[in-house]
Amino acid sequence: MSTAAKGLAGVVAAETEMSFIDGERGVLEYVGIPIDELARNSTFEETVFLLWNRRLPTASELESFASEIRAAYGIPQRALDMINSLPDSAEPMHVLRSLISYLALEDDNPNSVDPSEVRSKAIRLLAQAPIITAAFDRKRRGVEFVAPDASLSLAGNFLYMLNGEKPTETMERALDVCLILHADHGLNASTFTSRVIISTLSDIYSALTGAVGALRGPLHGGANEGVMLMLNEIGSLDEVEPYVMGKLSRKEKIMGMGHRVYKTLDPRATYLKTLAEQLARDTNNYDLYEKSRNVEQIMEREVGAKGIYPNVDFYSATTYHCIGLRLDLFTPMFAISRISGWTGHCLEQLAAGRLIRPSAEYIGPHEQPYVPIGDRSS
Ligand code: COA
């Protein structure tokens, strides 16, 4: 009789050609290219092409792929009306999840799992997620919707739509790098969710709706928001040590630390740490960076032996804050990028063509009598 692998740890449940992770050595590659090479040299649009086509594009291929994405900037008027009718108190992740689900209703053929149609829907969703997020953020702030600008990159357009003015090159590039770093990451919880859903031959909207829901949790993509809340809670540098020690003694988790797969530094965190430091200096937020670095040092001293190090969410909190994103847009930011990974995995899953249906280990009683309702005691 087989026993359940708690949390499916160590279970290999799918094949992928997109990202490779070596958690012992701290390696992440997209299609064989180390993540820091991509962060230094690539753009988000090029990285998505790489993930979906398993090779880098030529200059003209990149041009036409980026144009395809830009041509999809825009959301149906009814989707915009729906956003404008939402309560201002709604959480942006709930908004994104609901609107992705709604977009199926605006699609003439939402259920098609034909690969080329799924790819076209994926392009649209990639282009639309930042627009949904920015439109809701402006609506709740009581400022006019800013129409997308198809001359801008996905990162640039998102910042433009949020702020109503074109971003500086530094901010656009910083956000673009964040998008690259979050694009794909093996069979994480939300990606697994999307693969399970599409494996039933359901539709890409359902797969992404489920994935956004999974990403929202504080043990997954929601951790970046948790990190920022923690940094805000820690008033000053002197308070870092008692704060962290207090959490550890109460056996509470420090958000942005630890990973199921990495038992050393997450390579994305290494890159983000440098980016966070530079942005924090440039934007007068150096205290945030210093607090983060102190948390990291104390955690290394206290629990480093258990393999608990910063993950991707740890320094992305400072980075997003410096870029000017409001706290509850941190996780939508992650989702906007990860749509590329989710949809790529859905296409892989459709090609693999097998329903994902694992088993459960039954741990209840057997051969129980059926007791008539009148004879049951409470
Ligand atoms: N802070 C303090 N202790 C942590 C920790 C953290 N962030 N992450 C793990 N640990 C400790 C656990 O308490 C446990 O200790 P124990 O063996 O003494 O009981 C041990 O490390 C193993 O942790 P566990 O939660 O079982 O590992 P996991 O593989 O199931 O969990 C995470 C991985 C990511 C869910 C977990 O590290 C976590 O909750 N991190 C915080 C949330 C986060 O940043 N999520 C984003 C991930 S990208």
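This is a predicted model: local features need pLDDT of at least 70, side-chain atom pairs count only at pLDDT 80 or more; totals for chains, interfaces and linings use all residues.
**Entry 1: H8 and H16.** I looked up how helix H8 (residues 169-182) packs with helix H16 (residues 330-352), and I found an angle of about 65° with the axes 8 Å apart. I noted the crossing of H8 past H16 as right-handed. On the H8 side I listed Leu 175, Leu 179 and His 182; they meet Met 333, Phe 334, Ile 336, Ser 337 and Arg 338 in H16. I then sorted the residues of this contact into 5 nonpolar, 2 polar and 1 charged.

**Entry 2: Tyr 102.** I located Tyr 102 in helix H5 (residues 92-103). I recorded Tyr 102 as buried because its relative accessible area of 12% falls under the 20% cut-off. Setting aside neighbours within four places in sequence, I found Tyr 102 in contact with Arg 78, Ala 79 and Met 82. I also found a polar contact of 2.5 Å between the side chains of Tyr 102 and Glu 106. For Glu 37, 65 residues from Tyr 102 in sequence, I noted a C-alpha to C-alpha distance of 37 Å.

**Entry 3: aromatic pairs.** I listed Tyr 286 as partly exposed at 21% relative accessibility, whereas Tyr 289 is buried at 3%. I logged Phe 314 and Tyr 315 as an edge-to-face pair, 4.9 Å centre to centre with 90° between the planes. Phe 314 and Tyr 315 are both buried. I noted finally that ring pairs link Tyr 286, Tyr 289, Phe 314 and Tyr 315 into a cluster.

Key:
Residues are numbered from 1 along each chain as its sequence is written. Side-chain values use heavy atoms; hydrogens and water are left out. Axes are lines fitted to C-alpha atoms, for helices over the stretch in contact, and angles run from 0 to 180 degrees between N-to-C directions. Helices (H or I, at least four residues) and strands (E, at least two) are DSSP runs, numbered from the N terminus. A crossing is left-handed if the near helix is turned anticlockwise from the far one by less than a right angle, and right-handed if clockwise. Contact means heavy atoms within 4.5 Å. Ala, Val, Leu, Ile, Met, Phe, Trp, Tyr, Cys and Pro count as nonpolar, Asp, Glu, Lys and Arg as charged, and the others, Gly among them, as polar. Buried means under 20% relative accessible area, exposed over 50%, partly exposed in between (1.4 Å probe, protein chains only). A polar contact is a pair of N or O atoms within 3.5 Å; within protein, one must be able to donate a hydrogen and the other to accept it, and residues adjacent in sequence count only if both atoms are side-chain atoms. Rings of Phe, Tyr and Trp (its six-membered ring) pair if their centres lie within 6.5 Å; planes under 30 degrees apart count as stacked, over 60 as edge-to-face and the rest as tilted.
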